[in-house]
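I opened the model to look up a few things and kept short notes. The entries follow in the order I made them.

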Amino acid sequence: MSSTLVPEVPVTNGREPAERAPTDWKTHAMQSRIRKRYAAERRFRLLGLGAVALSAAFLVFLLGTMLINGAGGFVRTEIALPLDFPALSLDVEREQLAQRGADLALAGAGLQNAVGVAAVSAFGDEGEDYLADNAWLTVREAIKDDPSILDRRVTIAVPASSRIHLAATDDAEPAIEAAAARLNAAGALTRGFNWSFLTGSDSTDPTSAGIWGALKGSLLTMAVTLALAFPIGVLSAIYLEEYAPKNRWTDLIEVSINNLAAVPSIIFGLLGLAVFLGTFNMPRSAPIVGGLTLALMIMPVIVIAGRNAIKAVPPSIRDAALGVGASRVQVVFHHVLPLALPGILTGTIIGMARALGETAPLLMIGMRAFIGSAPEDLASPATVLPVQIFLWSDQVSSGFVEKTSAAIIVLLVFLLAMNALAIYLRNRFETRW
Amino acid sequence: MPRIAFPLSLIALALSACSDSGAAREEIRVVGSSTVYPFTTAVAESFNNSRPDMRAPVIESTGTGAGINQFCAGIGPQHPDLLNASRRMTIGEFEQCAANGVTEIMEVQVGADGLAIAQAAQAQPLSLTRAHLYRALAANPMGRPNTARTWADVDPALPAIPITVFGPPSTSGTRDSFNELMMEPGCEAAWPAAAELEGDAYDEACVLIRSDGPYVDAGENDNLIVQKLVADPSAIGIFGFSYLEENASRVRGLPIDGTTPTYETVASGAYPGARPLYIYVKKRHIRAVPGLAAFLEDYAAAWGPDGPLVRRGMIAAPAPVRERSAAIIARGMTLSADALR
């Protein structure tokens with residue numbers, strides 16, 4: 001032991017070692033060597049700084065473009081539409097409006113056409129194009145709130161079409177630009193925060209497209225993923241670190257897990273398609289299947305992170321606990337796991353963040369779909385945020401450009417919130433010794 | 001790995017038992033063509049808005065071929081109810097369906113998608129083939145840079161008027177249709193060796209349109225192309241088929257491969273620039289899936305010439321076709337193998 005720590009005195013045949021001449025720092029050769037060393041130091045520091053600056057610049061560019069493009073997605077333009085209900089003569093019974101069938105009754109009475117007619121009489125022949133396709137839904141809600149408006153003239157603020165909305169924000173065709181300017185001059189246009197973007201679901205019309213359906217789908221999917229991957233991953237890690245004998249089989253398992261962590265995500269999609277949909281006949285497009293598939297994907301990440309965290313717990317803690325008579329289970333759950341938890345949580349959150357941004361495996365199990373309402377439970381059809389972004393980026397209508405960016409902002413906020421939670425948890429549980 | 005897979009499969013089994021997917025499904029499932037997708041989603045949206053008590057339909061854009069594979073996989077809640085198709089089902093696919101027990105399929109033509117090639121009504125009539133169009137408009141016809149300046153350069157039988165073509169920009173869906181329906185078949189007709197090319201080389205030779213003047217990018221506005229054609233009788237224009245109908249007094253459809261674009265030739269698919277759009281429905285699902293019958297009625301209500309689907313860019317089918325499609329839905333008439341032969 002001590003031989004490696006304390007070097008032996010060099011053998012000098014009994015004589016004192018010759019005294020070393022002091023280094024002359026002033027010579028030319030030495031000066032140039034020192035300069036070289038300092039230059040190398042500076043170069044390395046600048047290189048590192050450059051790398052950080054470059055990645056920061058990319059991040060700023062990404063966030064900047066997203067914010068600039070996406071800000072408009074959170075705003076909507078509304079047109080004050082005068083509606084003369086007695087003149088439009090909607091064929092609808094007042095009693096029906098109080099009941100559950102109100103929506104059907106109003107749709108059947110031709111409310112959609114009536115709103116179009118009102119737009120034409122208020123804004124000219126093109127008037128119908130100024131309103132969003134789903135503007136009549138706003139009118140329908142207004143009638144349901146207060147059926148008495150059917151007896152008088154009212155003005156209701158309805159969402160403007162995306163062309164009018166875009167004309168109000170940036171360049172557009174001259175005709176639409178002029179129409180927007182005219183409406184604006186008449187004081188008919190108002191702009192406000194688009195709450196329906198946060199509460200609505202997918203739509204073919206950018207003005208009524210919302211993110212809630214996809215966000216809820218993501219939340220449900222993540223819940224399933226976490227509920228499965230975390231306990232199974234942590235238990236596997238504990239078993240492999242604390243209990244498993246070291247033999248050929250455990251080596252094989254270790255190699256398999258490391259391999260699995262690097263398998264492309266699309267493969268897990270195919271696996272999910274074959275196993276969950278093919279063999280177990282689970283419902284297509286459901287968050288539960290998405291969650292199961294993503295759980296398979298991130299489990300290896302959690303196992304690896306968990307094993308490393310458990311390995312990092314000093315053996316003295318185990319020895320001490322065993323020494324005072326704790327059982328193996330008590331050692332693991334009272335001492336090792338609490339100390340390893342910050343590391344395990346970090347690994348889990350990294351895995352969850354990867355799962356949150358994943359699209360490829362979900363395409364395979366049918367979560368890339370148009371679904372006009374938010375999912376109600378784990379088995380009802382749903383889509384998730386990144387898939388929604390993908391679907392919108394594919395849309396022809398120019399109004400979807402800002403919706404895509406706005407959806408990306410929502411996804412980034414979601415991710416940031418998850419990472420913030422991870423850091424909070426880690427700091428809370430972190431112990432130093 | 002087995003240690004993870006085992007508990008996982010147990011959990012999956014337990015979940016699949018409680019999620020009970022064997023029972024009836026409540027929402028309508030649609031798969032298939034990306035061309036029909038925007039129209040079916042539009043119908044789904046209005047279905048959703050007018051019937052809030054129904055579950056929202058789920059529409060996946062998988063492409064016609066992959067959609068047929070899923071559609072034909074079987075009858076039951078795990079299989080889709082409806083197929084969007086931008087072409088007719090082939091007899092082979094129909095038999096594949098039947099082999100999996102998917103019989104009693106209703107074939108409904110909902111409209112058409114396509115483009116027309118036209119010139120001003122007072123212009124000297126031209127009749128072109130797709131190979132002519134390819135040789136006149138490709139950047140590198142048959143692998144060599146395009147030098148044709150007049151139609152006579154393309155084919156001595158054609159008049160010696162300069163090639164001027166007003167068409168959609170490369171970002172447009174009409175341009176995609178043009179590439180798919182005119183340029184690619186034209187390329188393969190004029191230069192059979194092109195079929196051997198792959199990927200970028202194929203695109204370069206067959207799809208890339210010249211940018212040295214004769215092809216004029218006229219913007220997304222099809223009405224503008226119509227106006228330019230009237231002002232320049234030697235030019236021809238490429239635009240959505242519906243604009244040809246609307247401006248029948250001012251512009252005339254050019255016969256392509258001998259077929260003039262009319263509603264009949266478009267609906268039958270005889271005109272090369274258009275393709276009929278279909279939905280296929282499993283009749284045996286209509287009673288099992290709530291709302292499917294109402295969804296089909298909504299579709300029928302939307303496909304008229306001044307309906308919402310036409311506003312989204314679909315070409316309405318001619319009245320007799322619409323009537324027949326409506327009758328298929330109303331009476332539940334199913335497709336027979338003979339009709340596809």
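**Chain B, overall.** I began with chain B of this predicted model. I counted 16 helices and nine strands in its secondary structure. Of the 341 residues in chain B, 53% are buried. I then looked up the contacts in chain B with a separation of 6 or more, and 72% of them are accounted for by residues 24 or more positions apart. For the accessible surface of chain B I noted about 14,000 Å², with 53% of that belonging to carbon and sulfur atoms.

**Chain A, domains and spans.** Next I took the domain assignment of chain A, which gives domain 1 as 79–193 and domain 2 as 212–429. I have 45 Å between the C-alpha centres of these two domains. I also checked the UniProt record, an unreviewed entry, for the feature "transmembrane region" in chain A. The record places this feature at residues 46–68, 219–240, 260–280, 286–310, 331–353 and 406–425.

I looked at two of these spans in the model. Residues 219–240 of chain A are 100% helix and 0% strand, and their end C-alpha atoms lie 31 Å apart. For residues 331–353 of chain A I likewise noted 100% helix, 0% strand and 31 Å between the end C-alpha atoms.

**Aromatic pairs.** How are the rings of F74(A) and F197(A) arranged? Their centres are 5.3 Å apart and their planes stand at 85°, so I logged the pair as edge-to-face; the cut-off for that class is over 60 degrees. F74(A) lies in the loop between α2 (28–71) and β1 (75–84) of chain A, while F197(A) is in helix α11 (residues 195–199), so the pair ties together parts that are 123 residues apart in sequence.

Are these two residues buried or exposed? F74(A) has a relative accessible area of 16% and is buried. F197(A) is at 0% relative accessibility and counts as buried too.

In chain B I looked up Y299(B) and W303(B), a tilted aromatic pair with 6.4 Å from centre to centre and 50° between the planes. Both residues of this pair, Y299(B) and W303(B), are buried.

**Charges over rings.** In chain B, the charged end of K282(B) sits over the ring of F71(B), 4.7 Å from its centre.

Key:
Residues numbered from 1 in each chain as written. Chains lettered and ligands numbered in written order. Predicted model: local features only at pLDDT ≥ 70, side-chain atom pairs only at ≥ 80, totals over all residues. Heavy atoms only, no water. Domains from an automatic or database assignment. UniProt positions renumbered as here; feature names shortened; annotations may be inferred. Helix = DSSP H or I, 4+ residues; strand = E, 2+ residues; numbered from the N terminus. Phe/Tyr/Trp six-rings, centres within 6.5 Å; stacked < 30°, edge-to-face > 60°. Buried < 20%, exposed > 50% of the residue type's maximum accessible area, 1.4 Å probe, protein only. Lys NZ or Arg CZ within 6 Å of the ring centre and 35° of its normal. Contact = heavy atoms within 4.5 Å. Areas by Shrake-Rupley, 256 points an atom, 1.4 Å probe, with all protein chains shown as cover.
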